[in-house]
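Here are some exercises to work through with the sequence and the 3D view side by side. Try each task yourself before you read its solution.

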Amino acid sequence: MSVPGPAAPLPVKARQDAQDWAHHMTAYMAQTAGVTLDPGSAEPFFNDCVGRNDEVAEDGRYTMSYAVYSSAPLDRHPEAVRKVRTMLEQQGFTIDGYRETADGKVDTVVDASQASSRYLITVQTTTGGLLLFRVNTPCLLPPPPSTTSR
(Lines give C-alpha, C1' and ligand atoms only; values in the text may rest on other atoms or scores of the structure.)
Protein backbone atom coordinates (compact mmCIF):
# COMPACT_ATOMS: atom_id res chain seq x y z
CA MET A 1 0.00 0.00 0.00
CA SER A 2 1.41 3.34 -1.01
CA VAL A 3 1.15 6.19 1.45
CA PRO A 4 1.04 9.66 -0.13
CA GLY A 5 3.83 11.98 0.93
CA PRO A 6 3.46 15.64 1.89
CA ALA A 7 4.35 16.77 -1.64
CA ALA A 8 1.91 14.36 -3.31
CA PRO A 9 -0.83 16.01 -5.38
CA LEU A 10 -4.19 16.31 -3.67
CA PRO A 11 -6.82 13.73 -4.54
CA VAL A 12 -9.45 15.13 -6.91
CA LYS A 13 -13.08 14.58 -5.92
CA ALA A 14 -16.22 16.62 -6.37
CA ARG A 15 -17.98 17.64 -3.16
CA GLN A 16 -21.08 15.64 -4.09
CA ASP A 17 -18.96 12.54 -4.80
CA ALA A 18 -17.26 12.88 -1.39
CA GLN A 19 -20.65 13.25 0.29
CA ASP A 20 -22.09 10.29 -1.64
CA TRP A 21 -19.12 8.10 -0.64
CA ALA A 22 -19.48 9.10 3.03
CA HIS A 23 -23.22 8.38 2.87
CA HIS A 24 -22.53 4.95 1.35
CA MET A 25 -19.78 4.18 3.89
CA THR A 26 -21.87 5.16 6.92
CA ALA A 27 -24.82 3.12 5.60
CA TYR A 28 -22.50 0.13 5.10
CA MET A 29 -21.09 0.50 8.63
CA ALA A 30 -24.60 0.71 10.11
CA GLN A 31 -25.72 -2.35 8.14
CA THR A 32 -22.63 -4.22 9.35
CA ALA A 33 -23.40 -3.14 12.92
CA GLY A 34 -27.02 -4.23 12.61
CA VAL A 35 -28.44 -0.81 13.41
CA THR A 36 -30.62 1.65 11.53
CA LEU A 37 -29.46 5.17 10.77
CA ASP A 38 -31.74 8.13 11.35
CA PRO A 39 -31.69 9.53 7.77
CA GLY A 40 -32.75 13.04 8.77
CA SER A 41 -29.69 13.31 11.02
CA ALA A 42 -27.11 13.25 8.21
CA GLU A 43 -24.90 16.34 8.38
CA PRO A 44 -22.16 17.05 5.84
CA PHE A 45 -19.81 19.87 6.83
CA PHE A 46 -17.44 21.31 4.23
CA ASN A 47 -14.51 23.51 5.19
CA ASP A 48 -11.69 25.18 3.29
CA CYS A 49 -8.33 23.48 3.61
CA VAL A 50 -6.07 25.57 5.80
CA GLY A 51 -2.32 25.34 5.31
CA ARG A 52 0.40 25.08 7.92
CA ASN A 53 0.69 28.88 8.08
CA ASP A 54 -3.09 29.48 8.04
CA GLU A 55 -3.08 30.08 4.29
CA VAL A 56 -6.18 29.20 2.25
CA ALA A 57 -5.76 28.47 -1.46
CA GLU A 58 -8.30 29.95 -3.86
CA ASP A 59 -8.70 26.75 -5.91
CA GLY A 60 -11.68 25.30 -4.03
CA ARG A 61 -9.81 22.66 -2.02
CA TYR A 62 -11.85 21.42 0.92
CA THR A 63 -12.26 18.89 3.70
CA MET A 64 -15.53 17.24 4.61
CA SER A 65 -16.85 15.80 7.84
CA TYR A 66 -20.00 13.73 7.42
CA ALA A 67 -21.97 12.63 10.48
CA VAL A 68 -25.12 10.56 10.85
CA TYR A 69 -26.71 9.05 13.95
CA SER A 70 -28.50 5.89 15.05
CA SER A 71 -30.84 5.73 18.01
CA ALA A 72 -29.92 2.07 18.62
CA PRO A 73 -30.32 1.13 22.29
CA LEU A 74 -27.23 1.82 24.39
CA ASP A 75 -26.79 -1.85 25.31
CA ARG A 76 -26.30 -2.67 21.58
CA HIS A 77 -23.45 -0.16 21.09
CA PRO A 78 -20.57 -2.47 22.18
CA GLU A 79 -21.58 -5.23 19.77
CA ALA A 80 -22.12 -2.66 16.99
CA VAL A 81 -18.63 -1.14 17.34
CA ARG A 82 -17.07 -4.63 17.51
CA LYS A 83 -18.67 -5.51 14.19
CA VAL A 84 -17.63 -2.20 12.60
CA ARG A 85 -14.06 -2.61 13.87
CA THR A 86 -13.81 -6.07 12.29
CA MET A 87 -15.23 -4.81 8.97
CA LEU A 88 -12.87 -1.82 8.89
CA GLU A 89 -9.86 -4.04 9.57
CA GLN A 90 -10.97 -6.30 6.70
CA GLN A 91 -11.23 -3.21 4.46
CA GLY A 92 -7.62 -2.24 5.19
CA PHE A 93 -8.22 0.46 7.80
CA THR A 94 -5.93 0.78 10.81
CA ILE A 95 -7.70 0.85 14.16
CA ASP A 96 -6.32 3.91 15.96
CA GLY A 97 -8.53 3.71 19.06
CA TYR A 98 -11.10 1.37 20.52
CA ARG A 99 -13.22 1.27 23.68
CA GLU A 100 -16.50 -0.32 24.76
CA THR A 101 -16.88 1.05 28.27
CA ALA A 102 -15.54 3.81 30.49
CA ASP A 103 -15.96 3.85 34.26
CA GLY A 104 -18.15 0.73 33.99
CA LYS A 105 -20.67 2.36 31.63
CA VAL A 106 -21.27 1.85 27.91
CA ASP A 107 -19.13 4.45 26.17
CA THR A 108 -18.06 3.04 22.83
CA VAL A 109 -15.62 4.36 20.28
CA VAL A 110 -13.74 2.98 17.33
CA ASP A 111 -11.42 5.32 15.43
CA ALA A 112 -9.87 4.11 12.20
CA SER A 113 -7.74 5.54 9.42
CA GLN A 114 -6.67 4.45 5.97
CA ALA A 115 -3.13 5.47 5.06
CA SER A 116 -3.63 5.31 1.29
CA SER A 117 -6.69 7.60 1.21
CA ARG A 118 -6.13 9.44 4.52
CA TYR A 119 -9.83 9.03 5.33
CA LEU A 120 -10.76 8.87 9.02
CA ILE A 121 -13.70 6.91 10.42
CA THR A 122 -15.28 7.17 13.86
CA VAL A 123 -18.19 5.31 15.41
CA GLN A 124 -18.98 6.28 18.98
CA THR A 125 -21.58 6.67 21.70
CA THR A 126 -22.59 10.31 22.09
CA THR A 127 -23.30 12.10 25.35
CA GLY A 128 -27.01 11.79 24.53
CA GLY A 129 -26.79 8.00 24.06
CA LEU A 130 -26.95 7.97 20.26
CA LEU A 131 -24.50 6.05 18.09
CA LEU A 132 -22.55 8.45 15.85
CA PHE A 133 -21.07 7.37 12.50
CA ARG A 134 -18.55 9.90 11.10
CA VAL A 135 -16.33 10.09 8.01
CA ASN A 136 -13.62 12.78 7.71
CA THR A 137 -11.81 13.35 4.44
CA PRO A 138 -8.33 14.69 3.90
CA CYS A 139 -7.92 17.86 1.86
CA LEU A 140 -9.54 17.22 -1.53
CA LEU A 141 -9.39 19.23 -4.72
CA PRO A 142 -12.56 19.63 -6.79
CA PRO A 143 -12.28 18.65 -10.45
CA PRO A 144 -11.67 21.50 -12.88
CA PRO A 145 -14.80 23.04 -14.37
CA SER A 146 -15.84 21.17 -17.46
CA THR A 147 -15.65 23.01 -20.72
CA THR A 148 -17.78 22.14 -23.67
CA SER A 149 -16.82 22.74 -27.28
CA ARG A 150 -19.30 24.30 -29.62
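**Exercise 1. Is Y119 buried or exposed?**

*Solution.* Keep in mind that you are looking at a predicted model. Start with the cut-off: a residue is buried if its relative accessible area is under 20%. Y119 has a relative accessible area of 7%, so Y119 is buried.

**Exercise 2. Describe the aromatic pair that W21 and Y119 form, and find out which parts of the chain it ties together**.

*Solution.* Step 1: know what to look for. A pair of aromatic rings is described by the distance of the centres and the angle of the planes.

Step 1: look up both values. For W21 and Y119, the centres are 4.7 Å apart and the planes make an angle of 65 degrees.

Step 2: classify the pair. Planes over 60 degrees apart count as edge-to-face, and the pair of W21 and Y119 is edge-to-face.

Step 3: place the residues. W21 lies in helix α1 (residues 15-33) and Y119 in the loop between β4 (105-113) and β5 (120-125), so the pair ties together parts that are 98 residues apart in sequence.

Step 4: check the partner's surroundings. W21 has a relative accessible area of 27%, which means that W21 is partly exposed.

**Exercise 3. Which residues touch the most other members of the largest nonpolar core?**

*Solution.* Step 1: take the core as a whole. The largest nonpolar core has 28 residues, and M29, L88 and F133 touch the most other members.

Step 1: see where the core comes from. Two or more residues each are given by α1, β2 (62-70), α2 (77-90), β4, β5 and β6 (131-136). The largest share is that of α1, with six residues.

Step 2: zoom in on L88. Leave aside the neighbours of L88 within four places in sequence, and its contacts are M25, M29, F93, I95, A112 and I121.

**Exercise 4. What is the phi of D54, and what is the phi of D103?**

*Solution.* Step 1: recall the background. Most residues other than glycine have a negative phi.

Step 1: compare D54 with that. D54 is not a glycine, and yet its phi is positive, about 65 degrees. D54 sits in the loop between β1 (43-48) and β2, and at 64% relative accessibility D54 counts as exposed.

Step 2: D103 is not a glycine either, and its phi is positive, about 55 degrees. D103 belongs to the loop between β3 (94-102) and β4, and D103 counts as exposed at 81% relative accessibility.

**Exercise 5. Where does Y69 lie, and which residues is Y69 in contact with?**

*Solution.* Step 1: Y69 is found in strand β2.

Step 1: with 19% relative accessibility, Y69 counts as buried.

Step 2: leave aside the neighbours of Y69 within four places in sequence. Y69 is then in contact with L37, D38, S41, E43, T126, L130, L131 and L132.

Step 3: finish with a distance. Y69 and A30 are 39 residues apart in sequence, and their C-alpha atoms are 9.4 Å apart in space.

Definitions and conventions:
Residues are numbered from 1 along each chain as its sequence is written. This is a predicted model: local features need pLDDT of at least 70, side-chain atom pairs count only at pLDDT 80 or more; totals for chains, interfaces and linings use all residues. Side-chain values use heavy atoms; hydrogens and water are left out. Rings of Phe, Tyr and Trp (its six-membered ring) pair if their centres lie within 6.5 Å; planes under 30 degrees apart count as stacked, over 60 as edge-to-face and the rest as tilted. Helices (H or I, at least four residues) and strands (E, at least two) are DSSP runs, numbered from the N terminus. Buried means under 20% relative accessible area, exposed over 50%, partly exposed in between (1.4 Å probe, protein chains only). A nonpolar core is a set of buried Ala, Val, Leu, Ile, Met, Phe, Trp, Tyr and Cys residues joined through side-chain atoms within 4.5 Å. Contact means heavy atoms within 4.5 Å.
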